[in-house]
Amino acid sequence: MWLRRLYFHCLFPAAVVLPLWLLVGWGVFQAGGLAFLWVLFIAAPSVLVGQTVLALLVRARGSVRAERAVSWWDVLAFSVWHALIIATGFFSSWFALSLVLAIVAAVGVFWVSITQLWRESRASVMLLRTADGTGYIPPTRSSSTPRADPTVVVLEERPHQS
């Protein structure tokens, strides 16, 4: 549970730290001028916006807000995506592969987040419609054994017969 809570608290800081890592990685590993333009205008803004949107999608779920912890699927998806972003920041010989895999992982995180949000926000009440289109919620089924509460007195009014 502590790991899931840690991820919950690190979603928004990661939106700042990961783009900064791409800039630091460019400087440390001397990636070159074109790579700097790519980091500055494409990669860093994409990671910043993507991480923020995904964090908002995750935090939109009621279970995440109630527990203040993400799901295990979120932990797995964000771990893979963050590891690939970090690998991309090394600007090594596997740069192109890690970039493509990071983009695919971002789509996967989005899919996992949307799926979980959809599953949690589905309506749990069935709305039926009559022949003329009027909607109504069907009554709940009463239990077969009547509840006998001695403190409740039920008075029934009967029509007066003459």
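User: How many salt bridges does the structure hold?
Analyst: Three. A salt bridge here is a side-chain nitrogen of Lys or Arg within 4 Å of a carboxyl oxygen of Asp or Glu. This is a predicted model, where local features need pLDDT of at least 70 and side-chain atom pairs count only at pLDDT 80 or more, while totals for chains, interfaces and linings use all residues. Residues are numbered from 1 along each chain as its sequence is written, and side-chain values use heavy atoms, with hydrogens and water left out.

User: Which residue forms a salt bridge with E67?
Analyst: R4 does, and the closest N and O atoms are 2.7 Å apart. The pair links distant parts of the chain: E67 is in helix α3 and R4 in helix α1, 63 residues apart. Helices (H or I, at least four residues) and strands (E, at least two) are DSSP runs, numbered from the N terminus.

User: Is R4 buried or partly exposed?
Analyst: R4 counts as buried, at 13% relative accessibility. E67 counts as partly exposed, at 35%. Buried means under 20% relative accessible area, exposed means over 50%, and partly exposed is in between (1.4 Å probe, protein chains only).

User: What about R61? Which residue forms a salt bridge with it at 2.5 Å?
Analyst: D74, with 2.5 Å between the closest N and O atoms. R61 lies in the loop between α2 and α3 and D74 in helix α4, so the pair ties together parts that are 13 residues apart in sequence. R61 counts as buried, at 1% relative accessibility. D74 counts as buried too, at 1%.

User: Where does E120 come in?
Analyst: E120 is in helix α5, 59 residues from R61, so to speak of the chain's order, and the pair links distant parts of the chain. Their side chains meet in a salt bridge at 3.6 Å, N to O. E120 is partly exposed, with a relative accessible area of 39%. R61, D74 and E120 are linked in a network of salt bridges.

User: Which residues is S113 in contact with, leaving aside neighbours within four places in sequence?
Analyst: L54, L57, V58, R61 and D74. Contact means heavy atoms within 4.5 Å. S113 sits in helix α5. It is buried, with a relative accessible area of 0%.

User: New topic. Where is V39 found?
Analyst: In helix α2, residues 33–59. V39 is buried, with a relative accessible area of 0%.

User: And what does V39 touch?
Analyst: Leaving aside its neighbours within four places in sequence, V39 is in contact with L22, L23, A44, P45 and F91. V39 and L23 are 16 residues apart in sequence, but 6.6 Å apart in space, C-alpha to C-alpha.

User: What volume does the largest pocket have?
Analyst: About 370 Å³. Of the 18 residues that line it, the closest to its centre are S46, V47, W81, I103 and A106. On a 1 Å grid over the protein atoms alone, a pocket is an open set of points where a 1.4 Å probe fits, with protein on both sides within 12 Å along at least five of seven lines; lining residues have an atom within 4 Å of a point. Grid points are joined across faces, edges and corners, and the volume is the space filled by probe spheres set on the points.

User: Which helix gives the most to that lining?
Analyst: α2, with eight residues. α2, α4 and α5 each supply at least two.
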